[in-house]
Amino acid sequence: MTTPTPLKGLRVVEFTHMVMGPTAGMVLADLGAEVIKVEPAPEGDTTRRLTGSGIGFYAAFGRGRRSLCVNMKDPRGRALVHRLTDRADVLLENFRPGAMAKLGFGPEELAARNPRLIYCSGKGFLPGPYEHRTALDEVVQMMGGLAHMTGPEGRPLRAGSSVIDIMGGLSAVIGILAALRERESTGLGGQVQAGLFETVALLMAQHMAQTAITGQAPPPMSTRLPAWPVYDIFDTADGGKVFVGVVTDTSWPAFCVAFGLDDLAADPTLRTKQQRVAERARTIPRIAAVLRTYDKAALMAKCEALGLPYAPIGRPEDLFEDPHLNGSDGLVPMTLPDGRPVKLPALPITLDGARPGGAGNLRAPGADGADIATELGFTAEEVAEMRAAGVL
């Protein structure tokens, strides 16, 4: 099946680091855009050299680009990049406020040179009282309530992924696609901003609405009263754990009969979902005792046969060998900078039945610099001079 490339012909110039901006660039590249990542010379984006829990950032979100390492403090470097942005459809950046303008690449300056340019900025905060604050994923998780809702009562805990950075990058792509559609009508580009704090606020909308409806602040998810009668992690006979959900009135009696809980199925006080939620203190211990008599594989097989939502408690490393991901083009084959092959997740969409995203090899810093400069009209002698001077 042909890999879909709906954004083929679109040129994106990317000035990003860490996770939010690179997520947006990865999505655009996977959808077929030519994405040129402008990195500082000579070593490239510092994200490449992170360690600890950040060691996977570049590999996870850096695929599909061409790399141009350039010294933008040198006038020749700025001239080269101006020539590049003059021919671009989209500019993507997520640096601190004012950093791009200081280099001469602010939205107003570039719009004057290229009126069709869509200038997208990933921000900590959208314009308002907080806009000059420095924000990171963890900062906004803490201030926006996500850490409170994730951890136990009184122990705020960040989510186990850079969820706000990633979702913020996806929001940036939504804004870019909307601006491209608008450009078809007006012929003009414009500015797009996506904010991390506003992203976490959207994730908190369900809890804000709950507060408005009930008049009570919701407790953390770890201590909440579930909305469903059975929506829990259960121990198994072989020391495993399986999440099982029984969430509809039609699945309840079938579940009870299959697991020998006929008395619960016949109990008139457990007829409706709302009744069963109210009686969880009575029903869940009974259910847990029965499910604990099955080993993990047998319990999952029985849930599968009943059509129940269930899940083993997985870990990230399990996904490399996941049969569904491997059987549905859900992992993109890549080559790490040291030459090792790896497979990392594709975009979570299909287009006409096919998964977008081709070869995701990570380019070495500046690997495409000479080619890009040549395409922009610089001669071989000029390219050599810039390399000798450390501009490229």
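Is Phe259 buried or exposed? In this predicted model, Phe259 has a relative accessibility of 5% and therefore counts as buried, the cut-off for that class being under 20%.

The ring of Phe259 forms an aromatic pair with that of Tyr294. Phe259 is located in the loop between helix 11 (251-258) and helix 12 (262-266), whereas Tyr294 is in the loop between helix 14 (280-291) and helix 15 (296-306). Because these positions are 35 residues apart in sequence, the pair ties together separate parts of the chain. Phe259 and Tyr294 also belong to a cluster, linked by ring pairs, that includes Trp252 and Phe255.

Across the whole structure, 9 aromatic pairs were found. One of them joins Phe125 and Phe197, with ring centres 5.5 Å apart. The planes of Phe125 and Phe197 lie at 50°, so this pair is classed as tilted. It links distant parts of the chain, the two residues being 72 residues apart. Phe125 is in the loop between strand 5 (118-123) and helix 6 (137-144), and Phe197 is in helix 9 (residues 196-203). With a relative accessible area of 3%, Phe125 is buried.

Two arginine side chains were found over aromatic rings. Arg83 lies over the face of Phe378, at 4.0 Å from the ring centre. Arg133 is placed over the face of Tyr130, with a distance of 4.1 Å to the ring centre.

At least two lining residues come from each of helix 1 (20-30), helix 2 (57-61), strand 5, helix 6, helix 8 (163-186) and strand 11 (341-345). Divided by class, the lining of the largest pocket contains 26 nonpolar, 12 polar and 11 charged residues.

The second largest pocket has a volume of about 520 Å³. A set of 20 residues lines this pocket, with Pro40, Met72, Lys73, Phe95 and Leu103 nearest its centre. Strand 2 (34-40) and helix 4 (99-102) each contribute at least two residues to the lining of the second largest pocket. Of the elements involved, strand 2 gives the most, with 4 residues. The lining of the second largest pocket comprises 10 nonpolar, 4 polar and 6 charged residues.

How values were computed:
Residues are numbered from 1 along each chain as its sequence is written. This is a predicted model: local features need pLDDT of at least 70, side-chain atom pairs count only at pLDDT 80 or more; totals for chains, interfaces and linings use all residues. Side-chain values use heavy atoms; hydrogens and water are left out. Rings of Phe, Tyr and Trp (its six-membered ring) pair if their centres lie within 6.5 Å; planes under 30 degrees apart count as stacked, over 60 as edge-to-face and the rest as tilted. Buried means under 20% relative accessible area, exposed over 50%, partly exposed in between (1.4 Å probe, protein chains only). A charge sits over a ring if NZ of Lys or CZ of Arg is within 6 Å of the ring centre and within 35 degrees of the ring normal. Ala, Val, Leu, Ile, Met, Phe, Trp, Tyr, Cys and Pro count as nonpolar, Asp, Glu, Lys and Arg as charged, and the others, Gly among them, as polar. On a 1 Å grid over the protein atoms alone, a cavity is a set of points where a 1.4 Å probe fits but cannot get out, and a pocket is an open set with protein on both sides within 12 Å along at least five of seven lines; lining residues have an atom within 4 Å of a point. Grid points are joined across faces, edges and corners, and a volume is the space filled by probe spheres set on the points.
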